[in-house]
Amino acid sequence: MAAHPDDEVLGFGGALALLADAGIRPVLVSVTDGEGSHPDSRSPLARDLAALRRQELHHALSRLRARVHRIALHLPDSGVARHEQDLTDRLTRLLEGCHLCVAPYSRDLHPDHEAAGRAAFAAAAASGVPVWEYPVWAWHWARPADPALPWHRAARILLTPDVRNRKQAALGCFRSQVEPLGDRPGDEVILPPEELAHFQRDFEVIWQ
Ligand SMILES: [Zn+2]
């Protein structure tokens, strides 16, 4: 699951490609449509960011050659915490029959990521399903070996050169996030190259 359409590719996209190559088709839950990434932009692109970001995710999954069953919950971007119980209830139903729940890191220092992560844990506990968490925002604020992060339960997923290339292509599909929307205040890039670099490595990290 992802709080916004790009988190799953940033933090777990290589793994989605590896799963596809293994013939596994997971359910991908998009909690919000990510419509709140540029609240002050007056760019025409900002008029329907939800549709744009859903489309970007579609292209990114295609470049990954990830095969997923997509479910969009359309909760409000920047407002997931207000709907946490509803999200928990819906995830509990979705987790029926599942073997694993992969969710945003519940201490990522992003309110939506944390609310989605907490809801995943609550739903998974009710369903008896293990949870893996993937950090996204933590890569931006944490220092190397930061004691705030739970390294004792970290695992590294190694990406083959082919999968890394596919992930690189997929990341380029999120143009509303990796490029400025325009040239006016409010159009600023969300993921500049120095932050994108965390997600271009030949491994991904999850907390088990
Ligand atoms: Zn996000």
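Colleague: Is the crossing of H1 and H6 left-handed or right-handed?
Modeller: Helices are DSSP runs of H or I with at least four residues, strands are E runs of at least two, and both are numbered from the N terminus. A crossing counts as left-handed if the near helix is turned anticlockwise from the far one by less than a right angle, and as right-handed if clockwise. H1 and H6 cross in a way that is right-handed.

Colleague: What kind of model is this?
Modeller: Residues are numbered from 1 along each chain as its sequence is written. Local features need pLDDT of at least 70, side-chain atom pairs count only at pLDDT 80 or more, and totals for chains, interfaces and linings use all residues, since this is a model that is predicted.

Colleague: How are H1 and H6 oriented to each other?
Modeller: Axes are lines fitted to C-alpha atoms, for helices over the stretch in contact, with angles from 0 to 180 degrees between N-to-C directions. H1 (residues 7–21) and H6 come within 9 Å, and their axes cross at roughly 135°. Angles under 35 degrees count as roughly parallel, over 145 as roughly antiparallel, 65 to 115 as roughly perpendicular, and the rest as oblique. So H1 and H6 are oblique.

Colleague: Which residues of H6 make the contact with H1?
Modeller: Two residues are in contact if their C-beta atoms, placed from the backbone, lie within 7 Å. H1 brings Val9, Gly13, Gly14, Ala17 and Leu18. H6 answers with Val163, Arg164, Arg166, Lys167, Ala170 and Leu171.

Colleague: How does H2 lie relative to H6?
Modeller: The axes of H2 (residues 49–64) and H6 (residues 161–171) come within 8 Å and cross at roughly 165°. That angle makes the pair roughly antiparallel.

Colleague: Which residues of H6 does H2 meet, and how many of each class are in the contact?
Modeller: H2 passes H6 in a right-handed crossing. Ala60, Arg63 and Leu64 in H2 meet Arg166, Lys167, Ala169 and Ala170 in H6. The classes in this contact are 4 nonpolar, no polar and 3 charged.

Colleague: Is Phe12 buried or exposed?
Modeller: Phe12 lies in H1 and touches Val102, Tyr134 and Glu204, not counting residues up to four places away in sequence. A residue is buried if 20 or more other C-beta atoms, placed from the backbone, lie within 10 Å of its own, exposed if 12 or fewer, and partly exposed in between. Phe12 has 30 such neighbours, so it counts as buried.

Colleague: How far is the C-alpha of His58 from that of Cys173?
Modeller: His58 is found in H2. With 12 C-beta neighbours inside 10 Å, it counts as exposed. Cys173 is 115 residues away along the chain, yet the C-alpha separation is 8.9 Å.

Colleague: What is the phi of His74, and where does this residue sit?
Modeller: Most residues other than glycine have a negative phi. His74 is exposed, with 12 other C-beta atoms within 10 Å. Its phi is positive, near 55°, and its place is in strand E2 (residues 69–75).

Colleague: What is the phi of Ser78?
Modeller: Ser78 is found in the loop between E2 and H3 (84–94). Ser78 is partly exposed, as 17 other C-beta atoms lie within 10 Å. Although not a glycine, Ser78 has a positive phi of about 70°.

Colleague: Which residues does Ser127 contact, leaving aside neighbours within four places in sequence?
Modeller: Ser127 lies in H4 (residues 111–127). Its 16 C-beta neighbours inside 10 Å make it partly exposed. Glu96 is 31 residues away in sequence but 6.7 Å away in space, C-alpha to C-alpha. The contacts of Ser127 are Thr92, Leu95 and Glu96.

Colleague: What radius of gyration does the protein have?
Modeller: The radius is taken over C-alpha atoms, and the globule rule is 2.2 Å times the number of residues to the power 0.38. For 208 residues a compact globule would be near 17 Å, which agrees with the value here, 16 Å.

Key:
Ala, Val, Leu, Ile, Met, Phe, Trp, Tyr, Cys and Pro count as nonpolar, Asp, Glu, Lys and Arg as charged, and the others, Gly among them, as polar.
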